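Open the structure in your viewer and keep the selection tool at hand. The tour goes from stop to stop, saying what to select and what is there.

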Amino acid sequence: MLGLMQRRELLISSIIQHAARHHGEAEVVSRRDDGRIVRTTYRALERRARKLMGALRELGVGFGDRVATLAMNSDRHLELYYAISGMGAVCHTINPRLALDDIAYILTHAEDHVLFMDACFAPLAAAVAPKVAATLRVIVALAEPGEMKQLELPPGVTQFDYESLIEAAREEEDWPVFDENTASGLCYTSGTTGKPKGVLYSHRSSLLHAFAINSADAVGTRATTRVLPVVPMFHVNAWGIPYAAPMVGAALIMPGRHLDPVSLLGLMDGERVDLSVGVPTVWLALVNHMRQTGAGFKTLKRIMSGGAALPRALVVAFAELGVEACQGWGMTETSPVVVYNGPKPATAILEGESRCDHATRQGRALFGADIRATGPEGAETSWDGKSQGDISCRGHWIAKGYFRAPDSEIGDNAWFSTGDVGVIDQNGYMLLTDRSKDLIKSGGEWISSIE
Ligand code: AMP
């Protein structure tokens, strides 16, 4: 229709273009495997991502192809996020903590021809390569020339180093434009029975999720924020932070593989981090370390916790350290954030014990996603904080099926069953009370209760 608003595709590349143009000097700080700290900016990163697009094409990567990464949080992994998705390929992040056979299954199922890996995962890559020799063609070490020795690889698999590839690549001038419903990312999630299942994100879903978590009542990163995602970029896109931060020009502080409390605290203090995001086990270790050493945070103001219930004791411990602990909930299938425990007039007035109690609720639905709890007959339970039900959700960034699993399709408007059980209170806050899935989480990773 004429005289209407402009319609532009919601593409992931638009985030890094905006960051380079309007927040060009904003920093991305990364800790390398050897502990070194390296610094770059969104302007420099955007340019290197365009070179990386050229390098990917030279490696034979085309539109829709899956490209695997086995990597921790770093500027290089961020370049891969933008270059791979930006050219219309699919950034397939692999969890290095999975069993070798699961990693081999995932690489084969996704038909990844190219795998980028941190040098610390070289033994893993060398062990998995013979199992995926039918599909894998290229391994790229995220390293300088000569920094990593040549792996013993099956015939037909070639090894490159990342920096030489980028150096030699032609810089692409423009980010390609295509349909926002194109797949952008792929992340496999474990089940109790059967093989891991692939969740395929789109440009549109990733952008809308980033907008949503950036709202003031959710994670809400700002140009003045310095955010440290402890949650790895192979866990549901580090909960969307790699998109949300550059969207507003927030500085990104990437810890690499150094996730112990001493390293994290050093990076937080040294890089003036005010917001950090991760699972409760990380926070418990950090808080214990602070207690043992009597140390305090220099700049940290807020943490977001997710992936498992936020214990009340952690809320209290952080409050004593002058840090607000907030909670979100979601799954790999939900991009992940569906609910976030932001205040409402009725909860903002809570103090002391009741404030801490309230913080253990997972949260209320963000605009763009919806939740409900249903009883055994399928009817929605009342929002009274007592009536338990199976939690399901739907929205712009909730999966409607699994990758290459046509039987799993539920459709665009259907409620996705989460396997979590909980109550919703009169203010719309969900509290998980149980789960119907036969899985247990340990340190942020699933293990089946059978195992
Ligand atoms: P994953 O797909 O590995 O991200 O795991 C998603 C599952 O983690 C959810 O279905 C919940 O069982 C659990 N989970 C995520 N966030 C929370 C939270 N804030 N509180 C309790 N459980 C959570």
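**Stop 1: the second largest cavity**

Select His 92, Thr 93, Ile 94, Asn 95, Leu 98, Ile 106 and Tyr 188, which line the second largest cavity. This is a predicted model, in which local features need pLDDT of at least 70 and side-chain atom pairs count only at pLDDT 80 or more, while totals for chains, interfaces and linings use all residues. Residues are numbered from 1 along each chain as its sequence is written, and side-chain values use heavy atoms, with hydrogens and water left out.

A cavity is a set of points, on a 1 Å grid over the protein atoms alone, where a 1.4 Å probe fits but cannot get out; a lining residue has an atom within 4 Å of a point. Grid points are joined across faces, edges and corners, and a volume is the space filled by probe spheres set on the points. The second largest cavity holds about 30 Å³ of space. Its lining divides into four nonpolar, three polar and no charged residues. Here Ala, Val, Leu, Ile, Met, Phe, Trp, Tyr, Cys and Pro count as nonpolar, Asp, Glu, Lys and Arg as charged, and the others, Gly among them, as polar.

**Stop 2: the largest cavity**

How many cavities of 30 Å³ or more does a search of the whole structure find? There are two. For the largest cavity, select Tyr 201, Ser 205, Ser 206, His 209, Asn 237, Tyr 243 and Ser 335. The space inside is about 40 Å³. Helix α7 gives the most to this lining, with three residues; helices (H or I, at least four residues) and strands (E, at least two) are DSSP runs, numbered from the N terminus. By class, the lining has two nonpolar, five polar and no charged residues.

**Stop 3: backbone around this cavity**

A cis peptide bond joins Ser 335 and Pro 336, with omega about 5 degrees. Pro 336 sits in the loop between β14 and β15 (337–340).

Next select Ala 238 and Trp 239. Ala 238 is in the loop between β10 (226–229) and α8 (241–248), and Trp 239 is also placed in the loop between β10 and α8. Phi is positive at Ala 238, near 45 degrees, and positive at Trp 239, near 60 degrees. Most residues other than glycine have a negative phi, and most peptide bonds are trans.

Are these two residues buried or exposed? Ala 238 is buried, with a relative accessible area of 0%. Trp 239 counts as buried at 8%. Buried means under 20% relative accessible area, exposed over 50%, and partly exposed in between (1.4 Å probe, protein chains only).

**Stop 4: the second largest pocket**

Select Leu 200, Ser 202, Ile 398, Ala 399 and Lys 400, which lie nearest the centre of the second largest pocket among its 26 lining residues. Elements that give two or more residues to this lining are β9 (197–202), α7 (203–213) and β18 (389–395). The largest share, four residues, comes from β9. A pocket is an open set of grid points with protein on both sides within 12 Å along at least five of seven lines. About 570 Å³ of space lies in this one, and its lining has 11 nonpolar, eight polar and seven charged residues.

**Stop 5: the ligand**

Select the ligand and the 15 residues that surround it, the closest being Gly 328, Thr 332, Asp 420, Lys 437 and Trp 446. A residue counts here if one of its heavy atoms lies within 4 Å. Strand β14 (residues 324–330) gives the largest share of this shell, four residues.

Which side chains have polar atoms to look at? Thr 332 has a polar side-chain atom 2.7 Å from an oxygen atom of the ligand. A side-chain N or O atom of Gln 327 is 2.9 Å from a ligand nitrogen atom, and a side-chain N or O atom of Gln 362 is 2.9 Å from a nitrogen atom of the ligand. The protein covers 91% of the 500 Å² of accessible area that the ligand has on its own; accessible areas come from the Shrake-Rupley method with a 1.4 Å probe, and for residues only the protein chains shown count as cover.

How values were computed:
Polar contact = N/O pair within 3.5 Å; in protein donor to acceptor, adjacent residues only side chain to side chain.
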